[in-house]
There are 4 protein chains.
Amino acid sequence: MSRPRVREFGIELGRVAPGRLNMITDVDGVGVGHVTVIEGDDIRTGVTAIVPHKADLFEYKVTAAVDIFNAYGKTVGLPQIMHEGVIETPIMLTETLNTWRVADAVLDYFPKGYNRTPGSVNPIVGETNGEYLTNNFNRRIGKDEIFKAINDARKTENKIVDEGSVGGGTSMTGYGLKGGIGTASRIISGVTVGVLVQLNCGSLMDLMIDGVPVGKELKLEPPERSPGNSIMIIVATDLKLDSRQLMKISKRAMLGVARTGSYSGNGSGDFTIAFSTGAKNLEELTGQVTRGESFLSPLYQATVEATEEAVVNALFKAETITGYKGHTRLALPLDQVKEIFHKYGRNPI
Amino acid sequence: MSRPRVREFGIELGRVAPGRLNMITDVDGVGVGHVTVIEGDDIRTGVTAIVPHKADLFEYKVTAAVDIFNAYGKTVGLPQIMHEGVIETPIMLTETLNTWRVADAVLDYFPKGYNRTPGSVNPIVGETNGEYLTNNFNRRIGKDEIFKAINDARKTENKIVDEGSVGGGTSMTGYGLKGGIGTASRIISGVTVGVLVQLNCGSLMDLMIDGVPVGKELKLEPPERSPGNSIMIIVATDLKLDSRQLMKISKRAMLGVARTGSYSGNGSGDFTIAFSTGAKNLEELTGQVTRGESFLSPLYQATVEATEEAVVNALFKAETITGYKGHTRLALPLDQVKEIFHKYGRNPI
Amino acid sequence: MSRPRVREFGIELGRVAPGRLNMITDVDGVGVGHVTVIEGDDIRTGVTAIVPHKADLFEYKVTAAVDIFNAYGKTVGLPQIMHEGVIETPIMLTETLNTWRVADAVLDYFPKGYNRTPGSVNPIVGETNGEYLTNNFNRRIGKDEIFKAINDARKTENKIVDEGSVGGGTSMTGYGLKGGIGTASRIISGVTVGVLVQLNCGSLMDLMIDGVPVGKELKLEPPERSPGNSIMIIVATDLKLDSRQLMKISKRAMLGVARTGSYSGNGSGDFTIAFSTGAKNLEELTGQVTRGESFLSPLYQATVEATEEAVVNALFKAETITGYKGHTRLALPLDQVKEIFHKYGRNPI
Amino acid sequence: MSRPRVREFGIELGRVAPGRLNMITDVDGVGVGHVTVIEGDDIRTGVTAIVPHKADLFEYKVTAAVDIFNAYGKTVGLPQIMHEGVIETPIMLTETLNTWRVADAVLDYFPKGYNRTPGSVNPIVGETNGEYLTNNFNRRIGKDEIFKAINDARKTENKIVDEGSVGGGTSMTGYGLKGGIGTASRIISGVTVGVLVQLNCGSLMDLMIDGVPVGKELKLEPPERSPGNSIMIIVATDLKLDSRQLMKISKRAMLGVARTGSYSGNGSGDFTIAFSTGAKNLEELTGQVTRGESFLSPLYQATVEATEEAVVNALFKAETITGYKGHTRLALPLDQVKEIFHKYGRNPI
């Protein structure tokens with residue numbers, strides 16, 4: 001029996017309605033591919049690819065922006081996005097020490113996957129540190145995994161994607177518990193905003209779900225100090241926006257993380273990458289010329305809520321994992337969560 | 001009978017202990033002066049001065065940094081802080097359209113207050129928009145008010161300062177209710193972090209206090225749309241830090257705001273100014289040489305919690321005000337808040 | 001007899017052709033108004049207004065961006081431009097300590113000049129420090145000067161504007177000599193780029209004109225140390241660009257300043273504001289859909305060259321001024337410049 | 001017969017005296033190692049390592065900052081430097097598509113070179129695009145080359161290092177001519193500033209040397225359009241500075257590039273990394289407590305001049321190379337340069 005997502009558990013975070021799947025893949029064109037590698041006692045790793053569309057991204061770049069909230073992290077490819085305002089490769093998420101091999105393998109994907117040999121290309125690789133559960137110096141992720149992740153991503157438009165201890169999230173820790181990949185979406189005024197996170201931040205005592213201080217109330221052995229301490233956030237929307245507008249959206253994602261209790265520790269690499277597929281045009285949606293940018297405010301709200309829910313989904317879906325050196329990260333104990341929620345006036349199933 | 005602060009109400013926000021006053025003035029040297037101007041039916045305005053110490057700030061500059069989260073705002077003096085890393089004048093908070101007169105009057109303060117006539121000086125003036133309650137084009141704040149605010153600020157070290165509809169917060173709106181000035185502090189490992197906010201942001205439906213969705217539960221006439229939509233945040237600490245470290249601290253303040261429900265609307269000017277009085281030295285506090293900057297993490301937590309509590313204090317302390325064009329902003333109805341808190345498993349007095 | 005501009009002197013800077021006037025007013029719509037105030041022995045000051053078009057700027061905002069190269073400066077209004085990407089008021093240039101009075105007076109201009117009373121508006125005021133030649137604490141510039149400067153700016157589209165010791169440049173120093181306002185323009189592929197500078201930076205020894213080390217060769221009493229040390233640069237173009245693209249253009253202006261010898265001293269406030277009137281569309285100009293942004297490179301070159309020439313024009317046009325405390329700034333001695341140019345293989349008239 | 005450096009040619013750029021070697025290795029502790037790979041007809045590549053000192057950099061981090069002038073580039077490791085203010089690995093320079101393999105190999109260096117296996121580390125790899133002269137998709141640079149480059153760098157303190165078509169500069173183009181690695185230094189008030197560039201930018205027509213328009217005057221077949229268009233700049237100093245101060249220094253480097261004629265084309269990745277070895281203390285040097293940061297201005301001048309001279313040295317030292325697809329980049333023809341200099345009133349040897 002698979003663990004439920006938070007909304008299946010009866011908790012509705014935020015005020016805006018989610019999309020059909022309540023996943024980043026609700027944004028038309030966006031796909032997600034995970035490759036998870038569990039080998040022996042010490043390898044618990046993987047890679048996740050996110051594509052804005054199925055086509056050759058170098059030929060059909062998408063508008064993008066980034067927010068760098070805390071930069072104790074190695075994410076590759078950000079400066080060019082900041083100045084040029086576009087993404088020209090799939091976005092890859094992985095474990096810290098695999099970052100550069102993954103970036104290099106993205107180049108190898110081009111001839112096979114896009115029938116193009118680039119002389120210059122800007123790979124985007126986000127990472128968080130999973131050394132507690134995996135022997136990360138091993139750098140297990142190679143071309144085969146990258147190829148499969150991107151190819152799978154190109155086939156998952158509007159499809160359900162896995163969450164929890166999968167792909168780049170395999171060895172990750174969230175709030176001292178098992179973290180990993182989570183996703184959610186919102187639809188507002190005909191615009192879809194989807195978020196995917198690779199959750200590796202937070203300390204147990206700070207965990208807050210829908211405003212309930214779950215971390216303080218959980219009866220658990222205190223976890224060993226988390227060696228990782230970061231979050232990667234990907235925000236996708238179908239509304240045509242320029243890079244400056246996406247920058248403003250990207251900055252809201254950390255407000256959603258804050259609602260789950262994190263204060264972004266010093267060793268944290270907290271990066272948000274936001275992109276637009278450009279499928280929807282504001283004037284067509286509203287039937288009028290828009291003045292100013294107050295139309296962005298609902299998208300900010302959608303981004304905050306979807307990020308909050310994506311973080312919580314990562315915790316809800318991730319299962320207990322034991323890995324490197326016998327280290328274990330426990331799954332969020334849902335039975336306890338139910339009791340805590342009742343105590344705090346909430347009514348989950 | 002004065003309204004209580006949130007902690008007097010029985011709600012303890014966060015996990016870190018507050019300072020003696022639970023105010024920014026817990027940071028030795030820091031003073032706050034308010035001048036509130038209520039005149040006729042249409043003027044509800046004021047100015048607040050924050051000083052890091054009593055002495056001539058141009059002579060004894062303090063280390064500082066800023067975070068610009070959303071920049072639909074007119075705050076004066078930020079670029080020089082970003083590059084030079086210091087503050088050389090009192091920090092002034094006021095209503096939007098008074099911003100530049102206040103900055104100019106700060107110059108006039110120098111000969112009288114500091115016995116110095118500058119040929120170049122960088123005034124720092126933060127603002128939020130109070131046009132709903134005050135006739136702001138009138139720009140009522142002048143030299144007299146600035147002088148008194150700064151002089152008062154130089155006398156309030158370690159003293160209680162007013163909150164709510166005072167000083168720069170007089171005409172401000174928070175979460176559709178009466179907002180204004182709030183403050184709080186934290187002490188952790190011998191270091192004090194104090195925060196003062198001028199709250200003018202948020203919509204009623206989003207208000208969250210200690211994780212309780214107060215905004216959704218309040219039974220109130222829905223307020224007219226808030227014309228203002230911003231927050232100014234001042235963070236003070238006595239730990240000697242460089243400007244880059246203060247930049248990282250300043251970025252955490254918005255995570256505290258997020259815990260109260262705001263997603264930072266597009267018309268928001270959300271600026272944080274962080275400074276250090278430099279009174280305490282990490283090596284002396286810890287008795288050892290520190291490696292890396294993980295010592296900052298508890299200060300981040302302190303900043304997040306103190307900001308959250310300062311925002312809530314602004315709402316708890318502010319009284320209902322009627323002003324320009326008969327507009328009214330209601331105070332947060334504390335009786336309802338008590339009921340809501342009980343419903344959500346909390347136990348305020 | 002008025003002093004010549006550098007091109008009238010027979011020196012052609014750069015490779016791209018200038019516009020008809022070789023001024024920022026070559027960009028259709030752009031106007032410049034100067035008010036110069038010379039009073040008694042001690043007041044040598046003024047203000048300059050630059051408007052992107054004649055109409056109400058709050059109603060018809062123009063796309064803009066800024067570059068902050070060195071921020072020992074007080075320029076008002078930059079954060080909002082950085083996030084919102086527009087200018088909604090005339091750009092004002094003045095002497096440092098007048099900055100905030102000028103910003104405040106811009107508000108007063110709105111009801112009279114634009115028939116609008118704003119509740120929120122973002123004045124843009126750039127400044128450099130002229131305390132050597134003017135009693136700047138006096139802050140002489142008020143509403144009358146601002147009104148006249150803006151009104152004049154709204155009438156000078158495609159007209160010749162004054163340079164040298166006029167407007168905001170009245171008391172300024174360039175390379176130890178009399179500096180002030182200078183302007184130039186370039187036309188490339190049907191696009192016009194215009195630049196206006198308020199020059200107050202550089203030391204005499206570093207002055208370079210068209211690659212000739214004029215500063216080293218000039219036989220002059222060494223000037224007293226310049227108290228000012230800054231440059232304000234305004235870049236205008238008629239090509240429709242977004243704010244991110246204008247940001248990239250704005251960054252090139254300092255490369256043009258560098259060609260005149262400055263290394264941007266630590267006390268320098270070096271800010272560039274770039275805006276687009278949006279009159280010309282790339283696809284219409286080229287008759288084809290453009291891929292990528294290599295079309296920007298010629299505009300960068302145009303910006304660098306026009307900035308270089310604007311700086312040099314400020315020096316060529318400014319006349320010797322004596323002011324506050326009997327201080328004098330000498331005009332660039334053109335007879336010596338001619339000799340130096342001959343020595344270095346150039347052939348001015 | 002080796003080609004001369006520009007100063008050996010009789011041209012003294014700037015006003016500040018160079019260090020003993022006039023190289024970045026004049027900064028005590030700093031070393032540079034090049035590995036150059038010339039294989040068959042199509043491989044012309046390499047890698048350059050710069051170390052601030054001989055010891056384990058992860059253990060003994062050095063203070064650092066970056067400037068991102070134009071970000072069409074893939075440089076790895078910048079965000080963490082911007083927030084944390086330190087460098088913890090050697091700085092590597094290479095050809096674009098090798099970037100991520102080089103970063104990954106830096107990890108492998110740690111166990112062998114520093115006797116440490118990191119779970120998290122921030123490699124710094126700068127790059128420029130050499131695809132015109134080398135088959136860059138081949139990505140020829142691997143562990144062996146990285147190991148040798150770093151080991152050599154750790155042995156070259158205060159030693160002469162190669163310039164021109166070596167290491168990361170092997171396949172690079174400068175101003176349409178053969179570019180590559182160049183270095184220079186300045187000593188001012190007892191402080192050493194050293195600069196090393198990997199030059200791959202500029203168009204022939206724009207080349208300016210000591211203010212002389214060499215590019216316009218050279219009689220050469222016009223080169224094919226340069227596919228690369230970037231410059232990497234490393235600035236080292238022995239003065240103890242914080243990261244914010246180094247940020248201000250790093251911004252000056254592009255002013256030095258501007259003096260050689262470049263306007264930083266749109267496809268350019270122009271990044272500067274500045275670091276301090278911290279060996280010298282301002283108070284000890286001056287015997288007094290310093291107020292403000294005007295002491296930085298001479299260091300800015302030193303940075304501008306050393307960058308300018310490093311760029312020119314790259315051109316002076318690089319020899320003609322023929323590589324991939326038979327493409328050739330010609331060396332700067334020094335006989336023509338001499339004639340041009342005479343024409344422009346200069347007196348080289």
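Contact here means heavy atoms within 4.5 Å, and helices (H or I, at least four residues) and strands (E, at least two) are DSSP runs numbered from the N terminus. The model is predicted, so to speak only of local features with pLDDT of at least 70 and side-chain atom pairs at pLDDT 80 or more, while totals for chains, interfaces and linings use all residues. Residues count from 1 along each chain as its sequence is written, chains are lettered from A and ligands numbered from 1 in the order written, and side-chain values use heavy atoms, leaving out hydrogens and water.View 1. Helix 3 (residues 143-153) of chain B lies across strand 1, strand 2 and strand 5 of chain B. The helix runs at about 145° to strand 1 of chain B; axes are lines fitted to C-alpha atoms, for helices over the stretch in contact, and angles run from 0 to 180 degrees between N-to-C directions.

**View 1. An open sheet of 4 strands in chain B.** The strand order is 1-2-5-6, with mixed pairing; two strands pair if DSSP finds at least two bridges between them. Strand 1 (31-39) and strand 6 (124-128) of chain B sit at the edges with a single partner strand each, so one side of each has no neighbour in the sheet. Neighbouring strands are turned by 15° against each other on average, direction ignored. Strand 1 and strand 2 (residues 43-51) of chain B run antiparallel, joined by 9 bridges, and T36(B) stands opposite G46(B) in strand 2. Helix 2 (residues 99-114) of chain B packs on the sheet too, touching strand 2, strand 5 (91-95) and strand 6 of chain B.

**View 2. Helix 5 of chain A meets helix 5 of chain B.** These helices (residues 243-258 in both chains) pack at about 60°, with axes 8 Å apart. That makes them oblique to each other (under 35 degrees is roughly parallel, over 145 roughly antiparallel, 65 to 115 roughly perpendicular, and the rest oblique). M254(A), L255(A) and A258(A) meet M254(B), L255(B) and A258(B).

**View 3. Buried spots in chain D.** T272(D), in strand 12 (residues 269-280) of chain D, is buried at a relative accessible area of 1% (buried is under 20%, exposed over 50%, partly exposed in between, with a 1.4 Å probe and protein chains only). Leaving out residues up to four places away in sequence, T272(D) touches residues including D67(D), I233(D) and S250(D). In helix 3 (residues 143-153) of chain D, the buried residues include F147(D) and I150(D).
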